[in-house]
Amino acid sequence: MHRKAFLVFTFLALAATAAAAQNANQGVTKNEIVLGSIQDLSGPIAAFGKQSRMGLQLRIDEINEQGGVHGRKIRLIVEDSGYDPKRAVLAAQKLVNQDKIFAMVGHIGTAQNMAAMPVQFDKNVINYMPLTAAREMYEPFHRLKFAFLSSYYDQIRAALPKLVKEKNAKKVCALYQDDEFGLEVLRGAEAGLRAINAELADRTTYKRGATDFSSQVAKMKSSGCEVVVLGTIIRETIGTIAEARKTGYNPVFLGSAAAYTDLIHKLGGKAVEGFYATHTTQHPYLDEASQPLRFWANKYKTRFNEDPSVFSAYAYNIMDAFIAAAQKAGPNLTTESFIKAMDTLVIKPDIFGSPEATFGPQKRLGSDMSRLSQIQDGRWKVVSDYVRP
C-alpha cells in the first residue's frame, strides 16, 4: 500500500514537472519562436491596430532575414479583439492554448489586457510591453508583466507643473472621459499641481462616445481656466478644442499620450494648432530632419505602402526589445531564461527618441519619463526634454 502510494505520488510529481517544463518551453522549437498579439483590427481604433501589426512585422522580417534569434525564426500570430474585452479573452485563449505562443507582445487596450492577462498567467505566458499606458500593466508586480510606456498618470504629473510655470497660469482645469482612463489623467493633474502647492480650479467630464462638448467648454470658459488638461483621445480632443476656438476661448490645452497621434492635426486642422501632448516615442514623418528616422519611415512606407504612425514605431520598438532579450537569454530559450535576461536588460535610446529603459527583478516598467510635443504648422514638434515625475 505504501509502495503503491509512493509510486502514484512519484508519477504525479514527474507529470507536474514535465508539464511545467513543457509549458516553460511553449512556443519555442528548434527552428521557431511563436508569438501572439491581440490588436483592434475591426473596432474604433482599428487604424492603430493595423499600424501596430505592421510595426511588429517589419522588425520580425528584418531579424528573420538575418537568420532569426539563435537560429530560430519568429512567427507572429495576430488576433482581432475589435477593442472588446470579451473578444480579447477568446483571442488570448486561442493564442495560449491552441497556438501555444511563447509570449503576448504589444496587446492593445487597457480593458483588453486586464481581461486577457489571467488567461496568459495561468499558462505562464508573459505579457510583453502592451500598448496602453495604464499603471496596471506593471502594478501590482507580477513576474510575467513587462511594460514600456510611462503611465498617463506620470506623464501629466510630470508635464503639468512645468507648463503652468512657463505660462504663468493661475487657474488650471480638467476635462476628462468618465472612466478609468480619464480618471488616471485627472489624478496625474491633481498630483502635479500638489507638487507646486496648487489645485484644480474646476473639472468636468463627458461620457465615452460623446460628440457635443459645448456645455463642458462653457463651464471651463466661465471658470476662467488658462490651462485645460484633457483626458481625451482623438475625436473628443478635436471636438473640445474646435468648440473652444469657435467661442473665442483660447486656453492652453494639454493632453496625454492617448492624444499624441498624427490624426489630431490631420483631422483637427487649424483649430488644434498649439495643442500640447505628452509622449515617449516620437511620431515618424517621412521628411523628418533626423536621417535614421527618415530612412526608417521610408522603409516602412515602401514595405506597406502606408505612412507610419507613432503606433508603428511603438510596435517596432516592442519587437526590437523582445529580440534583444531573446538573444541575451541564449540558445536555451524558456520563460525563465527570458525573464532572467529581461531583469538585466538595458534598452538604449532609439531613433524615435525614446528614453533609456531598464528592468530588474522588482522593476517591470522600463522608464517613467516622458516629454512634451506641440502641434506647430500642422505637425508634432518636440518642445521639451524628458522629465521624470
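Where is the place of Asp179? Asp179 sits in the loop between β6 and α6; helices (H or I, at least four residues) and strands (E, at least two) are DSSP runs, numbered from the N terminus. The model is predicted, so local features need pLDDT of at least 70 and side-chain atom pairs count only at pLDDT 80 or more, while totals for chains, interfaces and linings use all residues. Residues are numbered from 1 along each chain as its sequence is written, and side-chain values use heavy atoms, with hydrogens and water left out.

Confidence comes next. pLDDT is the predictor's confidence in each residue, from 0 to 100. The chain averages a pLDDT of 93, and 94% of the residues score at least 70. Over residues 5-10 the pLDDT is below 50. Beyond near neighbours in sequence, that stretch has zero contacts in the model, a contact being heavy atoms within 4.5 Å. Where pLDDT is low, the predicted coordinates should not be read in detail.

An open sheet of five strands has the order β2-β1-β3-β4-β5. Its pairing is parallel; two strands pair if DSSP finds at least two bridges between them. Strands β2 (73-80) and β5 (145-146) stand at the edges. Each has a single partner strand, so one side of each is left without a neighbour in the sheet. Strand β1 (residues 32-39) runs parallel to β2, joined by eight bridges. Within β2, Val78 stands opposite Ser37. Two helices are described against this sheet. Helix α2 (residues 46-65) lies across β1, β2 and β3 (103-105), running at about 170° to β2. Axes are lines fitted to C-alpha atoms, for helices over the stretch in contact, and angles run from 0 to 180 degrees between N-to-C directions. Helix α11 lies across β1, β2, β3 and β4 (126-128), at about 150° to β3.

Leu56 belongs to helix α2. Leu56 is buried, with a relative accessible area of 1%; buried means under 20% relative accessible area, exposed over 50%, partly exposed in between (1.4 Å probe, protein chains only). Leaving aside neighbours within four places in sequence, Leu56 is in contact with Ser37, Gln39, Leu76, Val105, Ala315, Tyr316, Ile318 and Met319. The C-alpha atoms of Leu56 and Ser312 are separated by 7.6 Å, although these residues are 256 residues apart along the chain.

The largest nonpolar core holds 99 residues. Such a core is a set of buried Ala, Val, Leu, Ile, Met, Phe, Trp, Tyr and Cys residues joined through side-chain atoms within 4.5 Å. Leu35, Ile74, Tyr128, Leu160, Phe275, Phe322 and Phe338 touch the most other members. Helix α11 (residues 310-329) supplies the largest share of this core, twelve residues. Another core lies apart from it, with twelve residues, among them Ile77, Ala92, Met104 and Val125. In soluble globular proteins, nonpolar side chains tend to be buried together. Not counting residues up to four places away in sequence, Ile74 touches Ile33, Leu35, Ile60, Ile63, Asn64, Val69, Met319, Phe322 and Ile323.

An open sheet of seven strands has the order β7-β6-β8-β9-β10-β13-β14, with mixed pairing. At its edges stand β7 (202-206) and β14 (379-382). Each has a single partner strand, so one side of each lacks a neighbour in the sheet. Neighbouring strands are turned by 25° against each other on average, direction ignored. Five bridges join β6 (residues 172-177) to β7, and the two run parallel. Gln177 has Tyr206 as its bridge partner in β7. Helix α6 (residues 180-194) packs on the sheet, touching β6, β7 and β8 (227-231). Its direction makes about 165° with that of β6. Helix α8 (residues 235-246) lies across β6, β7, β8 and β9 (252-255), at about 175° to β9.

Two polar residues complete the description. Asp179 is buried, with a relative accessible area of 15%. Its side chain reaches the backbone nitrogen of Phe181 at 3.2 Å. A polar contact of 3.5 Å joins the side chains of Asp179 and Arg208. A polar contact is a pair of N or O atoms within 3.5 Å; within protein, one must be able to donate a hydrogen and the other to accept it, and residues adjacent in sequence count only if both atoms are side-chain atoms. Ser373 lies in strand β13 (residues 371-376) and is buried, with a relative accessible area of 0%. The side chains of Ser373 and His279 make a polar contact of 2.8 Å. The Ser373 side chain also reaches the backbone oxygen of Lys381 at 3.3 Å.
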